[in-house]
2 protein chains.
Amino acid sequence: MNDNGKQGDSGKPRILIIGGVAGGASCATRLRRLSESAEITIFERGPYVSFANCGLPYYVGDVIADEKKLLVATPGLFRKRFNIDVRTQNEVLSIDRHSQEITIKNRKTGAVYNEGYDALVFSPGSSPIRPPLPGIELPGIFTLRTIPDSRQIREWIAQRGVERALIVGGGFIGLEMAENLVKRGVSVTIVEMLSQVMPTLDADMAVPIHNHLIANGVTLALGDAVSSFTEGPGGNIIEVATKSGHKYTADMVILAIGVRPEIGLAREAGLEIGERGGVRVDEHMRTSDQHIWAVGDAVEVQDFITGSWINVPLAGPANREGRIAADNILGRKVKFRGVQATAICQVFDMTIASTGTSEKVLKRSLKSGQSIPYEKVFLHTRHHVEYYPNSTPMTIKLIFSTTDGRILGAQAVGGEGVDKRIDVISMAIQRNSTVFDLEQCELCYAPQFGAAKDPVNIAGMIAANALRGDAPVAHWENADLDGSIILDVREPGEFDTGHVPRAINIPLGELRGRLGELDRNRQVLVYCAVGQRSYYASRLLLQHGIQAKNISGGFSCYAVWKQIQSDSH
Amino acid sequence: MNDNGKQGDSGKPRILIIGGVAGGASCATRLRRLSESAEITIFERGPYVSFANCGLPYYVGDVIADEKKLLVATPGLFRKRFNIDVRTQNEVLSIDRHSQEITIKNRKTGAVYNEGYDALVFSPGSSPIRPPLPGIELPGIFTLRTIPDSRQIREWIAQRGVERALIVGGGFIGLEMAENLVKRGVSVTIVEMLSQVMPTLDADMAVPIHNHLIANGVTLALGDAVSSFTEGPGGNIIEVATKSGHKYTADMVILAIGVRPEIGLAREAGLEIGERGGVRVDEHMRTSDQHIWAVGDAVEVQDFITGSWINVPLAGPANREGRIAADNILGRKVKFRGVQATAICQVFDMTIASTGTSEKVLKRSLKSGQSIPYEKVFLHTRHHVEYYPNSTPMTIKLIFSTTDGRILGAQAVGGEGVDKRIDVISMAIQRNSTVFDLEQCELCYAPQFGAAKDPVNIAGMIAANALRGDAPVAHWENADLDGSIILDVREPGEFDTGHVPRAINIPLGELRGRLGELDRNRQVLVYCAVGQRSYYASRLLLQHGIQAKNISGGFSCYAVWKQIQSDSH
């Protein structure tokens with residue numbers, strides 16, 4: 001289709017859209033804004049289009065009290081406002097690429113019919129993974145993807161008086177469901193196969209989340225997996241056995257293991273499927289068939305940082321992809337820039353956010369030979385100046401290229417203001433910025449909102465200091481702890497409450513006068529509580545000709561590192 | 001000085017710093033981190049260095065209860081941790097550039113002495129403006145710049161039982177003081193010479209602030225100025241007369257008219273002073289004397305957007321300038337990138353933030369011939385999706401170049417999340433981004449934090465749609481309201497509660513069927529409540545060959561425009 005859509009077109013292109021939630025709905029309305037003449041039809045298997053699936057856990061938790069609030073737009077609105085034909089409960093059965101037709105089953109009437117297209121948009125989303133475990137079909141085992149799912153969970157809780165729930169999976173949905181169930185008075189256990197929750201984060205950033213979940217009464221079973229479900233003695237009770245041999249009893253199970261792209265129709269139609277199991281599209285969101293575009297959870301897209309293919313089941317990218325597909329269908333050559341995987345999750349009083357790539361992904365690339373040399377730094381700070389009341393703690397991990405300082409990714413956990421810092425860094429990444437740009441950026445400062453040097457500036461400064469060689473950093477997990485002097489520059493009172501084995505204590509304020517106590521032929525690894533005083537100390541030592549490295553994140557990171565070690569034993 | 005500071009140096013450069021608050025303190029500690037051998041001395045006229053002047057209004061308001069919290073660093077800490085000699089209550093009397101010496105008076109002992117320098121850092125800050133009005137020296141008339149200032153105000157409130165305060169000036173300090181005094185039960189009047197508060201913002205963005213101040217019980221006297229102060233009958237009472245002939249009675253007056261760079265010493269020493277009354281520095285923060293650097297409120301710097309010289313008395317830039325001066329003093333050729341003037345202020349439940357340049361500045365440049373062609377768009381939205389409880393309203397004004405889409409500035413007022421959006425746009429500006437980058441940026445989304453299309457994305461989309469010609473925008477103040485059809489596409493119920501004179505009402509959902517009612521030879525200006533439905537309508541009309549423009553910000557902006565007109569009459 002070559003109509004640029006700017007002035008409308010003379011033909012009446014027929015555009016069919018399979019799936020009407022985030023990407024499909026976004027594509028449809030953009031199509032209409034670009035072309036009044038296109039005939040646009042959305043086929044949605046479920047009963048609703050354009051609903052707020054990110055709100056479902058909060059509907060279960062009664063935070064969102066009215067189900068109707070989840071309906072962002074109705075078929076009636078699509079019809080009236082956009083002249084778009086929305087057919088809910090109409091399931092597409094097959095795609096005939098040769099004749100450019102799809103076959104649809106009307107689930108209300110049972111009728112099967114065909115529709116032809118000039119352009120087809122494939123946007124069926126993804127489906128929650130239900131592993132083929134014994135007992136997986138027992139009543140009381142739920143997934144959460146649709147409004148009816150959430151309604152069933154609510155009804156089950158109400159009717160069965162659920163007291164104990166087991167959540168399988170510690171990702172976004174798992175954590176959000178944990179919070180919402182606890183708020184409803186349910187006792188929650190999370191079983192997670194990995195040794196950490198929130199698998200998009202690195203292990204070192206997941207530790208504070210583990211502690212926060214436990215502090216809020218959630219039982220965590222990490223590094224374990226469900227092996228079977230059986231009906232318990234009470235009839236309503238489910239007994240859950242795990243591979244490690246544990247048994248749990250629950251009144252309800254939520255499967256939150258993840259989602260799988262819904263590619264059945266695409267595969268049957270012979271569209272190219274990518275290495276990550278999603279429909280492969282080009283930068284215009286066009287599939288291997290020139291008349292078919294695909295968007296949302298069902299496609300795989302390129303990682304903005306690494307260029308590798310990834311599945312990112314997130315609403316933001318789905319919406320952008322839908323918009324870009326619409327542009328290209330109507331002849332505008334707009335490119336999708338790839339996905340940074342910016343994501344956020346709140347669980348109890350903790351906000352968890354990340355953008356760009358993680359250290360674990362970079363390590364995997366290292367193994368596969370497509371490596372990006374990187375370094376990381378940690379910042380433990382507060383969301384605004386401490387002198388103003390109610391500042392909350394925040395930890396930022398910043399990952400950057402050692403070649404040119406380009407920002408590769410950031411992760412943050414804490415209370416308020418976590419979203420802001422990750423959004424700022426996300427914008428920086430979008431513009432291929434470096435840690436030197438973070439040093440210089442000029443952010444809002446009043447005492448309630450930040451600091452004259454915002455955490456984003458400070459993270460950039462720590463990274464830039466490392467890159468320039470002014471303050472090389474070391475990390476607990478790979479520093480030469482045996483061969484080096486370990487210098488703790490905190491005050492003696494802090495040192496006495498806990499320190500690293502073999503560390504010697506010279507408080508920062510005494511260091512200039514006590515340099516003679518250090519063996520000048522050995523490397524000194526300096527740490528303090530969080531890394532600031534040790535930074536000052538490392539500068540001091542380096543200028544006196546002593547080889548020093550600052551252990552990023554200090555004793556706070558040491559505690560995390562020890563916890564990771566003990567968790568994995 | 002050519003020492004690059006990386007490995008320390010063999011000489012012992014003597015570096016003297018005049019003024020030890022934000023810029024000076026930041027410069028001093030950076031110098032030490034770069035050079036262990038430098039002799040660094042700070043001369044501070046007042047009793048404190050490195051104090052939190054941004055916290056002073058909150059100390060007056062009892063939000064910060066303990067005065068000690070305002071002391072970020074003490075002379076003892078500077079000495080012990082950084083080997084920096086801090087001399088408080090030591091006032092520099094003169095600079096002898098020829099002999100590279102300064103003359104200092106010890107205000108405690110009265111002794112006058114000289115110190116020589118290799119490098120001098122001029123960082124005296126600014127002083128509050130006290131206009132030479134009759135009665136200006138009466139007791140009870142305060143400025144707020146130092147800890148002793150805030151202490152005196154607190155004492156006056158406590159001892160005199162202040163019930164009515166008059167604040168002269170509606171900028172940052174004026175508004176923050178208004179809030180803090182109201183919270184202490186004081187009845188507050190603000191007299192502001194301009195027709196708006198927060199002069200860094202455009203008039204259209206100040207209107208909601210006016211309404212919020214009034215809603216919180218503050219009396220606003222805009223477009224008026226104090227002409228005299230006289231002692232009232234009660235002895236403690238001050239009578240304030242204004243140019244318009246009004247009289248106010250107050251128990252206390254706060255002068256918050258602004259600050260003036262403290263350049264007396266610099267002028268006497270013959271340093272170049274710029275057109276804005278600040279010390280002129282190059283991009284390395286060096287003055288016209290190669291041995292003297294200057295930072296903070298006393299200098300003028302280049303506007304990041306327009307390149308023109310500006311005074312920006314803000315803590316963030318002062319800190320960065322101090323750091324950059326230190327780098328350059330020690331031989332590192334680091335450039336200051338200029339100032340975006342990112343700023344934020346909270347007043348009651350409203351957050352006000354801005355970055356980059358304003359429309360009024362761009363209009364002034366237009367007059368001076370150095371014009372940047374620009375357009376603006378308004379977004380009235382909420383800080384997160386409406387389906388999640390407690391979303392708060394937010395208005396964003398985005399200003400951008402019509403030449404290339406470069407973002408020139410943004411202003412936002414609202415509740416939560418205003419700081420985040422301005423910070424993201426600030427980062428975008430720092431990287432010379434365009435509105436097309438805002439369209440594409442990938443920000444955090446969960447229901448508590450934003451939307452799948454964040455307000456920043458939407459603002460970028462509105463602007464990009466205008467630039468591409470997809471949805472040209474018009475504005476109430478310069479649209480051809482008389483010659484055009486004014487089309488209100490809201491629902492009849494909304495139309496009936498108030499609309500623009502001569503507007504015709506065709507709800508968006510009926511527009512396709514009622515196109516025949518429009519005279520196709522006339523331009524149609526479309527509006528709705530905030531601009532979204534009218535955007536859809538303008539696309540529809542354009543595709544049907546009808547010349548249409550969307551009035552940005554819709555009826556909300558109309559109400560603001562009418563209020564500006566009535567305020568200025």
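This is a predicted model: local features need pLDDT of at least 70, side-chain atom pairs count only at pLDDT 80 or more; totals for chains, interfaces and linings use all residues.
I started with an open sheet of three strands in chain A, order E18-E20-E21, with mixed pairing (strands are DSSP runs of E, at least two residues, and helices are runs of H or I, at least four, numbered from the N terminus; two strands pair if DSSP finds at least two bridges between them). Its edge strands are E18 (279-280) and E21 (309-310) of chain A, each pairing on one side only. E18(A) runs parallel to E20 (residues 299-302) of chain A, joined by two bridges. I found Val279(A) opposite Val299(A) in E20(A).

Residues are numbered from 1 along each chain as its sequence is written, with chains lettered from A and ligands numbered from 1 in the order in which they are written.

Next I looked at chain A as a whole. I count 16 helices and 31 strands. Buried residues (20 or more other C-beta atoms within 10 Å of their own, C-beta atoms placed from the backbone) make up 55% of the 569 residues. The C-alpha trace spans about 90 × 65 × 45 Å along its principal axes.

Then I checked the partner. 68 residues of chain A are in contact with 67 of chain B (contact: C-beta atoms, placed from the backbone, within 7 Å). On the chain A side, H10(A) gives the largest share, nine residues.

Methods: A residue is buried if 20 or more other C-beta atoms lie within 10 Å of its own, exposed if 12 or fewer, and partly exposed in between; C-beta atoms are placed from the backbone. Two residues are in contact if their C-beta atoms, placed from the backbone, lie within 7 Å.
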